[in-house]
Every structure is written in C-alpha cells, then in structure tokens.
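Hi,

Here is the structure I promised to pass on to you.

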Amino acid sequence: VLFRSHYGCFEAFKNATLSEFHDCDFFIICEGDCLIETDITVFTAVVEASCQTILDHSIGYMSFGDKALLENGWVQSPVIEEVNDSLYITNNIIGIQCIMFPIGVANYLKGQFRTHKWDAADYFFNIVMRNSGMKMGIVHERLTTQADGFSLIDKTDKTFIKK
C-alpha cells in the first residue's frame, strides 16, 4: 500500500502550531471540515473535564475524533490503557479532526515541525508523539467527525459513517 503525503493539511497544522501555540494551557486544532457531533455545551464540558486527566496521565496528544476509519469503521486506535469512562490511552490516532495538546508539549512539537521530514499530518503526529515518550489519548465515543465531500487526494466523493 502506498501512502501519499498530504502537504496542505500538514502545512496548516504546522503553521497553526508554530504561530499560535503559546500563552495557553491547552492548544486545540481543528481541520477545516471538522464537525462537532454533539451539543456545544457537551463538547465543551468533555474538553474541559479532560484537561486535568491529560496532565495526570502524561498525555501529550489528545483526539476528540473517531477511533475507527470513517469510511469503513475499522478500529485504528486500540485501547492500550483505560483511563476513565470518557477516554483511554492508545498508540495510534488517525481521527485528527479535533486534537489537543497541553502547553508542556509546545516546544517539543514546534521543534519536530521545524526539523522532521513532513508527511500526512496524522502520520506525523503519531511518529513524533510516539518518539516523545508521552502518551496519546482518545475519547471512547467521538465528539467530532469529518464532513462528507470531494477528496482532492482520492479524486472521489467521500461519505463517512454517521454516529
């Protein structure tokens, strides 16, 4: 299987991180086609409740997206360690529609963006965060997903599994 790099998404994540990841406790990045699938007050409550858990469990990379591929439901983020009813530790994150990092990751992540060979953003984050020694967290039930639409990469219309 040949995986092509996706520069546009990578560049957007890189630019946002380098220019905006400072003077905050946590940094959230959303893809342009990210859809929040729950009431905004529920989303906000889950994000806020996860902050202390992220710090307590040395989670450096958190996803509020799906643990499975949106096209076919194949699980990509296995449970490595249960944390609580809302989230768990995994070793792979593909659903990066809405991701969050604690401020303690800022300098490491910026350094990786400046020096690491670029690739698709999801592969990049998985590689550099695995090498960081920090854990990766993901919600048990996705709060965000990707909008259906035409894929410039695959040159086809994409329809994703709905919640």
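**Loop residues with positive phi**

S58 is partly exposed, at a relative accessible area of 48% (buried means under 20% relative accessible area, exposed over 50%, and partly exposed in between, with a 1.4 Å probe and protein chains only). S58 sits in the loop between α2 (40–56) and β3, where helices (H or I, at least four residues) and strands (E, at least two) are DSSP runs numbered from the N terminus. Its phi is positive, about 55°, although S58 is not a glycine.

Before I go on, two notes on how to read all this. This is a predicted model, in which local features need pLDDT of at least 70 and side-chain atom pairs count only at pLDDT 80 or more, while totals for chains, interfaces and linings use all residues. Residues are numbered from 1 along each chain as its sequence is written, and side-chain values use heavy atoms, with hydrogens and water left out.

D23 also has a positive phi, near 50°, and is a residue other than glycine. For background, most residues other than glycine have a negative phi. D23 belongs to the loop between α1 (7–20) and β1 (26–30), and with 80% relative accessibility D23 is exposed.

Which residues of α3 (residues 106–115) are buried? They are A106, L109, K110, Q112 and F113. These residues lie on the same side of α3 because they cover an arc of only 160° around the axis, the arc being that of the directions from the helix axis to the C-beta atoms. N107, R114 and T115, on the other side of α3, are exposed.

Two packed helices are described by the angle between their axes and the distance between the axes. For α3 and helix α4 (residues 121–132), the angle is about 125° and the axes are 11 Å apart. Here axes are lines fitted to C-alpha atoms, for helices over the stretch in contact, and angles run from 0 to 180 degrees between N-to-C directions. The two helices α3 and α4 are therefore oblique to each other (under 35 degrees counts as roughly parallel, over 145 as roughly antiparallel, 65 to 115 as roughly perpendicular, and the rest as oblique).

On the α3 side, Y108, L109, Q112 and F113 make the contact, and on the α4 side F124, F125, V128, M129, N131 and S132 do; contact means heavy atoms within 4.5 Å. Seven of the residues in this contact are nonpolar, three are polar and none is charged (Ala, Val, Leu, Ile, Met, Phe, Trp, Tyr, Cys and Pro count as nonpolar, Asp, Glu, Lys and Arg as charged, and the others, Gly among them, as polar).

S77 is in the loop between β3 (59–63) and β4 (81–82), and S77 is buried, with a relative accessible area of 1%. Leaving aside neighbours within four places in sequence, S77 contacts K67, Y88, T90, N92, I93, I94 and I138.

S63, in strand β3, is buried at 0% relative accessibility. Not counting residues up to four places away in sequence, S63 touches I93, G95, C98, I99, G137, I138 and V139.

Finally, T145 is part of strand β8 (residues 144–146) and is buried at 5% relative accessibility. Apart from residues up to four places away in sequence, T145 touches D33, C34, L35, E37, L70 and Q97.

Best wishes
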